[in-house]
Amino acid sequence: MSTTSAGLESRRRTKAGIGPLDYSRRLWIRLVLIGTFLFLYAPIVTLIAFSFNDSRRNIVWRGFTMKYYEKALNNDGLIEAFVNSLTIAFVSTIVSVILGAMVAILLWRFRFPGQAPYEGTVMLPIVIPEICMGVAMLAFFARIGWPAGLPWPLNLGSIIIAHISFSFPFVAVVVRARLAGFNRELEEAARDLGASQWQTFRDVMIPYMRPGLVAGGLLAFTLSLDDFVITFFTSGPDTVTFPVKVYSMVRFSVTPEVNAASTVLIIVTVLLTAIALWLQNRTQPKDM
Amino acid sequence: METWRRNPLVFWIFLVPPTIWLAAFFLVPLGLIWVFSFGEKRGLVDIEITWSLANYVRALEPLYLQIIAKSLWMAGLTTAICLVVAFPVVFAISFAPPRWKPILLLLVILPFWTNLLIRTYALIAVLRTRGYINFTLEWFWDGGNQILTAVGLGDLQLLGASFQPLQLLYNNTAVVFGLVYVHLPFMVLPLYASMERLDKSMIEASLDLGASQARTFFSVVAPLAKPGIVSGLIITFIPAMGSFLTPNLLGGTDSQMIANVIERQFKSANDWPFGAALSFLLMYATFGALAMRSLLARGSPGTEHGA
């Protein structure tokens, strides 16, 4: 028996000692993998590196500097756009978490006529092309005569509404995945022990859902902070968000300030997403 | 799961707020542009709803048909390149030592977390005439010239009189390059999921029975990974087809895709009914692709739903 398998083994091994299934050790596959990572990372890494480069031409390394971060910090338009983005993301996250959690509980708990089409409709904002949603929002706010020129932060209202509409279905997906692991006997036990529906919801359901709510909230926050296309169609001249501002700077020229501003946004979103995923994985039921 | 009748009050509490939001701030806006798409432009801002199909017919004019065909072609090419690149990457990750798998997978997803606009901007810095690629090429050109001068061939100008930077930006190639850059993770993830589910001993058996690596790939791996391939193809194709930012920033005048035409109708050309009709054509194409996916998924065994 052992000789047969040893014989097989030696027949199946090539000269370099790579077995037929050792795809990850094959040279060409490794080259493709390394090439892909270079392709994916080289542009972003150079973008970050050159935000610290002491040269306007931005091609040759001329020494380390933080002056473009300083410049970005002193760029009032950029800071205003960043504050707008954070405000929008903050408000839209709160509403999205509430609406998303409601949808998640509804779909998880109840069986009702028309459930499948309802679910399909709620998930529609996730699948339709961003440009379609953008122009729909533009037409909608123009048609209903959404007031322009409101004082800050009310002038951000239309952008916030648009962001909530595309974020809350994502929150619903995340929270529902969390709810799938909920043991309904806990709820029954609470009811048997005399808790009211509201008490059960507040003291049993909400604490169980919390990691899902936090993960969904962070996702909504990142989606809002990152969104360009839909915001591009709902923002006006005095409601510029950070990505819209960066877009107008990018159209104009490639400068180290844009690199510095972009680096800040990259760090913020990568950190937020990492926390969200970590929370979600940590709390995901084992069998999922 | 319980029927809603058992607890109608709680059911309504959870049903009403999200449903009202969805209806007021998503379905009504969509419905509005759907109605607009059957209208006619009257003056600067007025739109008269005439229920004519004129806007859809106009989309069939050669000019727009060409743009739609171009969008389909660029999205299709992007999807095909992503598939060809993603397969070796997925093989490498899937057969890597278990300790490495999550790290490699994370490395594929990580760029996906950074802002689309910023990734596109990063590509501009790489591709532009004074960008990193042309800078590297110029460096090689200088080096080559110095060597030629050193061996006494400098006066012949074998490499041309001066360095000519390549025009890498503002053309179709740049757009496809950018689309692949952005959409590669969409292809890798579903492919990886179905490779992980695939019983590796099947591949071993096929090789043991004398099939070549190529034959094993096409007759064993590809059919078994079909659900992942189909998912990957479709979820790469859909966003690529509707891309706005990539053709807008990396493309030239002749590499505009359907989303750019839609944007122009709503912003500068101010022909909302026509833009609305184009939006709905794009949306119908999206639904068609999604329907195709579930249809193909139903036909193959061992498919999971929802992912």
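1. Two strands pair if DSSP finds at least two bridges between them. Helices (H or I, at least four residues) and strands (E, at least two) are themselves DSSP runs, numbered from the N terminus. In this predicted model, strand 1 (residues 110-111) of chain A and strand 1 (residues 2-3) of chain B run parallel and are joined by 2 bridges. Within this pairing, Arg111(A) stands opposite Thr3(B).

2. Some conventions apply throughout. Residues are numbered from 1 along each chain as its sequence is written, and chains are lettered from A and ligands numbered from 1 in the order in which they are written. As the model is predicted, local features need pLDDT of at least 70 and side-chain atom pairs count only at pLDDT 80 or more, while totals for chains, interfaces and linings use all residues; side-chain values use heavy atoms, with hydrogens and water left out.

3. How many residues of each chain take part in the contact between chain A and chain B? There are 87 from chain A and 87 from chain B, where contact means heavy atoms within 4.5 Å. The size of an interface is often given as the accessible area lost when the parts come together. Here the buried area (the accessible area, with a 1.4 Å probe, that two parts lose on being put together, summed over both) is about 8,000 Å², and carbon and sulfur atoms give 76% of it.

4. The interface also holds polar pairs. The rule finds 14 residue pairs in polar contact between chain A and chain B, both residues being at pLDDT 80 or more. A polar contact is a pair of N or O atoms within 3.5 Å; within protein, one must be able to donate a hydrogen and the other to accept it, and residues adjacent in sequence count only if both atoms are side-chain atoms. On the side of chain A that touches chain B, helix 2 (residues 27-49) of chain A gives the most, with 13 residues. That side divides into 65 nonpolar, 13 polar and 9 charged residues. In this division Ala, Val, Leu, Ile, Met, Phe, Trp, Tyr, Cys and Pro count as nonpolar, Asp, Glu, Lys and Arg as charged, and the others, Gly among them, as polar.

5. A salt bridge is a side-chain nitrogen of Lys or Arg within 4 Å of a carboxyl oxygen of Asp or Glu. The whole structure has 11 salt bridges over all chains, and the count between chain A and chain B is 2. Glu2(B) forms a salt bridge with Arg109(A), with the closest N and O atoms 3.6 Å apart. Both residues belong to a salt-bridge network that also includes Arg184(A) and Glu187(A).

6. Within chain A, Lys67(A) and Asp54(A) form a salt bridge, the closest N and O atoms being 2.7 Å apart. Lys67(A) lies in helix 3 (residues 67-74) and Asp54(A) in the loop between helix 2 and helix 3, 13 residues apart.

7. Within chain B, the closest N and O atoms of the salt bridge between Glu196(B) and Lys101(B) are 3.3 Å apart. Glu196(B) lies in helix 7 (residues 172-197) and Lys101(B) in helix 4 (residues 101-113), so the pair ties together parts that are 95 residues apart in sequence. Is Lys101(B) buried or exposed? Lys101(B) counts as buried at 17% relative accessibility, whereas Glu196(B) is partly exposed at 32%. Buried means under 20% relative accessible area, exposed over 50%, and partly exposed in between (1.4 Å probe, protein chains only).
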